[in-house]
Amino acid sequence: MTDLSATTGVTDRPSGTAQQTGTTPDAIQQFLDRQRPETPCLVVDLAQVRNRYRQLRTALPDARICYAVKANPTPEVVGELVGLGASFDVASPGEIDLCLARGAAPESISYGNTIKKRRDIARAHEQGVRLFATDSAADLANIAEVAPGAQVFCRVLVDNEGSRTPFGRKFGCLPETAVELLVRARDLGLDAFGVSFHIGSQQLEPTAWEHGIDAARRVFAGCAEQGLRLRMVNLGGGLPAAYTQSAPPLADYVRRIEESLDRHFGADRPELLVEPGRFVVGDAGVLRSEVVLVTDSCDGESRWVYLDIGRYNGLAETEGEAITYRLRTSRDGDPVGPVVLAGPTCDGDDVLYQRTRYELPRTLRGGDWVDLLSAGAYTASYSSVGFNGFAPLPTHCVDGDQRH
Ligand SMILES: Cc1ncc(COP(=O)(O)O)c(C=O)c1O
């Protein structure tokens, strides 16, 4: 295991926790040492994915775990989770096809995107998908028409404070609107199942779920007044991976969630669903990159390190410097100094970190490698098809439980 203190990175030091060590898994290290793959590439340890799934399974034993496929749609990852009995949160026909192709049962799929074409809903229904998210009258009408009798849950808008990548106002409706929609869903012959929310990805505040659970309780109460008994609360995603900012351990999140559930639902505990993405795959991946160039800025005030990975071939989440990956380099141990980190394309926005203080070895040169740790989520899946001719980020899978 790599000692986090040996990790080169920002001065706001990373702090791993018992569940979230975020250290480079040994199997990945071995693969990189032995195979020396072309860079950039992402290496995912399936054993770490299994561990994360099992941790969550133990921590929330009565929750249905729907892996958010968007976080990392690598077929091997999806197949591994199918084998563990996971369910899946999908956003598109492509993700449905992927899950089915890897052996997922249609009943294990939740179409969690509230923005969907009518024909995509129809196709999903034909494929056997029966659970749909909604947050608008127009989408609900489509579901009722082309997926008759389906189960629906309504997403409410909640405060995302504490999240490194909040959703803004794109998804979710007010609790009062959710009551109206769910009652209408029942009247349209659908199974009005429950309420969902997402408190924002990489949520660093375990009390954040209180907002969603409180809103869900209000929707349950409003529906009950109209004779509709809801049964399910979908707690969404938001559980963190280990980046440079410390994140609380899973147990803290679960404790706060349980307290909120007790406070708002008491003995009338609803069925639970969770949609973890980042938590399952984030710490299971290491992204290996190569230094293309190291230069001094024209005013001589900063040292720029250009990597062969950037905003467009995997590091979309560095936008606004929201996600700050921990780094490790082939020159670790040498004296360090501040750097601006940038990607390889001809685009002026392809700068990863210039406000966040990163320090890298002063000896770093073109041809050296830089690893971005805990990079298993929202990297390969965000990679463009070939901006500037740079290929999409490939993913290699290893299995730490099958090493010799
Ligand atoms: C509907 C939905 N559920 C779950 C997730 C996964 O969130 P996270 O990766 O924070 O666990 C997302 C992420 O965008 C989402 O849109």
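Q: How are helices and strands defined here, and how many of each does the protein have?
A: Helices (H or I, at least four residues) and strands (E, at least two) are DSSP runs, numbered from the N terminus. In this protein there are 10 helices and 18 strands. The model is a predicted one, in which local features need pLDDT of at least 70 and side-chain atom pairs count only at pLDDT 80 or more, while totals for chains, interfaces and linings use all residues. Residues are numbered from 1 along each chain as its sequence is written, and side-chain values use heavy atoms, with hydrogens and water left out.

Q: Where does UniProt place the domain feature, and what is the span made of?
A: UniProt positions are given in the numbering used here, feature names are shortened, and annotations may be inferred rather than shown by experiment. The unreviewed UniProt entry puts "domain: Orn/DAP/Arg decarboxylase 2 N-terminal" at residues 46-281. That span is 43% helix and 17% strand, and its end C-alpha atoms lie 9 Å apart.

Q: Is Cys346 buried or exposed?
A: A residue is called buried under 20% relative accessible area, exposed over 50%, and partly exposed in between (1.4 Å probe, protein chains only). Cys346 counts as exposed because its relative accessibility is 77%. The unreviewed UniProt entry annotates Cys346 as "active site", and Cys346 is placed in the loop between β15 (336-342) and β16 (351-361).

Q: Which residues does Lys70 touch?
A: Contact means heavy atoms within 4.5 Å. Not counting residues up to four places away in sequence, Lys70 touches Asp89, Ala91, Glu95, Tyr378 and Ser381. Lys70 is found in the loop between β2 (63-68) and α3, and the unreviewed UniProt entry gives Lys70 the feature "modified residue: N6-(pyridoxal phosphate)lysine". With a relative accessible area of 33%, Lys70 is partly exposed.

Q: Which residues of helix α4 are buried, and what do they pack against?
A: In α4 (residues 93-101), the buried residues are Pro93, Glu95, Ile96, Leu98 and Cys99. The buried residues of α4 pack against α3 (75-83), β3 (87-90), β4 (109-111) and α5 (118-126). Just after α4, Gly103 takes a positive phi of about 100°.

Q: How does the radius of gyration of the protein relate to that of a compact globule?
A: The radius of gyration is taken over C-alpha atoms, and the globule rule is 2.2 Å times the number of residues to the power 0.38. For 404 residues a compact globule would have a value near 22 Å, and the protein, with 22 Å, agrees. Of these 404 residues, 57% count as buried.
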